[in-house]
Amino acid sequence: MVQTVDGIVRRERPGSRDRTVELLERSWRPFALLAACYAVWWAITEFGIVPRYLVPSPGATLQVIAEKSGYLGHHTLVTAYETVLGFAIAVVVGVAAAVLMVASAEVEKTLYPLLLFAQVIPKIAIAPLFVVWLGFGLTPRIVVAVLIAFFPVVISMVTGLKSVDPEMLQLASTMGAGPAKTFAKIRFPASLPFLFSGLKVAVTLAVTGAVVGEFVGGNEGLGSVILQANGNIDTPMLFAGLLVMSLLGVVLFVAVEIAERLLLPWHASRRGDAVTVTF
């Protein structure tokens, strides 16, 4: 039922059946695209457009994943651990840096050029230095993941903190709210949609950072699997590692998306179907 009051259209909350239909409507396009990509991949290998020692068939790749599930699972857990830990550190440090930059113009003028300079340096070029400085093990891989995921978190958080309506800040000031209370009640909640946009980018980049760290500093993780398969010209295992790495990134992205839906049900992007303004 739709009710119109003062130019505002209010719709009833959809039931489980409506949500299922909506989910199917949103999901069939990505699945159709994946099916089309699979068909193109199969055709390229089946008709010999590209030799199979360069591009393995989808069946060979999936067979490797099934046969080496334990092996790939172990290395996936290692990469997932490095990614999640690096992502968490990047979020904590990035949010803290963004708060300092917004609170002080001098800090922003000092840190912003350094952050930009650090971002444009290719991480694959400096990853070997971390191995030299920090030794082999998890630490250099986590550091690379932090460095790659850090920049999107800072930029999105700074943008969110600066996007608060000035009238809201003035209202809070006239009502006697101090800086700490204004931050907790107004600035931080208003910045969360921007922050989550950055987190979605950062979590996928953290996977890349962990794998890059594994290329140069370890014998575990999906990066080492890909590197060894490349050295052995084992293209089915190479493609299997790339596919599992992509799936890991998708899973982590979806996890951030779910967290956003749970933490920001009040945001306009989450309730746009419930309230529509018509003028």
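## An exposed loop residue

I233 is exposed, with a relative accessible area of 63%. Exposed means over 50% relative accessible area, buried means under 20%, and partly exposed lies in between (1.4 Å probe, protein chains only). I233 sits in the loop between α9 and α10. Its phi is positive, about 55 degrees, although I233 is not a glycine. Most residues other than glycine have a negative phi.

## Basis of the model

The model is predicted: local features need pLDDT of at least 70, side-chain atom pairs count only at pLDDT 80 or more, and totals for chains, interfaces and linings use all residues. Residues are numbered from 1 along each chain as its sequence is written, and side-chain values use heavy atoms, with hydrogens and water left out.

## The chain as a whole

The protein chain has ten helices and three strands. Helices (H or I, at least four residues) and strands (E, at least two) are DSSP runs, numbered from the N terminus. Along the sequence, the order of elements is β-β-α-α-α-α-α-α-α-α-α-α-β.

Of the 279 residues of the protein chain, 33% count as buried. The chain exposes about 16,500 Å², and carbon and sulfur atoms supply 69% of this area. Accessible areas come from the Shrake-Rupley method with a 1.4 Å probe; for residues, only the protein chains shown count as cover. A contact means heavy atoms within 4.5 Å. Among contacts in the protein chain between residues at least 6 apart in sequence, 72% join residues at least 24 apart.

## The nonpolar cores

A nonpolar core is a set of buried Ala, Val, Leu, Ile, Met, Phe, Trp, Tyr and Cys residues joined through side-chain atoms within 4.5 Å. In soluble globular proteins, nonpolar side chains tend to be buried together. The largest nonpolar core here has 43 residues, of which F87, V153, L195 and L199 touch the most other members. The elements giving two or more residues to this core are α3, α6, α8 (179–217), α9 (222–231) and α10. Helix α6 gives the most, with ten residues.

Which residues does L199 contact, leaving aside its neighbours within four places in sequence? They are F87, V91, V153 and V256.

F150 is found in helix α6. With a relative accessible area of 15%, F150 is buried. Not counting residues up to four places away in sequence, F150 touches A90, V93, G94, A97 and L115. F150 and L199 are 49 residues apart in sequence, and their C-alpha atoms are 9.5 Å apart in space.

T235 belongs to helix α10 (residues 235–263). T235 counts as buried, at 9% relative accessibility. Its contacts, leaving aside neighbours within four places in sequence, are R52, Y53, L54 and P56.

## A nonpolar patch on the surface

Y81, L85, I89, V92, V93 and L138 form a nonpolar patch on the surface, with about 500 Å² of accessible area together. Patches are made of residues with over 30% relative accessible area and no salt bridge, where like charges are joined within 9 Å and nonpolar side chains (Val, Leu, Ile, Met, Phe, Trp, Tyr) within 5 Å. A salt bridge is a side-chain nitrogen of Lys or Arg within 4 Å of a carboxyl oxygen of Asp or Glu.

Which helix gives the most to the nonpolar patch? Helix α3 (residues 69–103) does, with five residues. L138 is placed in helix α6 (residues 138–162). L138 is partly exposed, with a relative accessible area of 35%.

## Aromatic pairs

A search of the whole structure finds four aromatic pairs. Among them, W42 and F47 have ring centres 5.9 Å apart and planes at 80 degrees, so this pair is edge-to-face. Rings of Phe, Tyr and Trp (its six-membered ring) pair if their centres lie within 6.5 Å; planes under 30 degrees apart count as stacked, over 60 as edge-to-face and the rest as tilted. W42 counts as partly exposed, at 39% relative accessibility, whereas F47 counts as exposed, at 61%.

F130 and W133 also form an edge-to-face aromatic pair, 5.8 Å centre to centre and with 80 degrees between the planes. F130 and W133 are separated by about one helical turn, because they are three residues apart in helix α5 (residues 123–134). Is each of these two residues buried or exposed? F130 counts as buried, at 12% relative accessibility, while W133 is exposed, with a relative accessible area of 59%.
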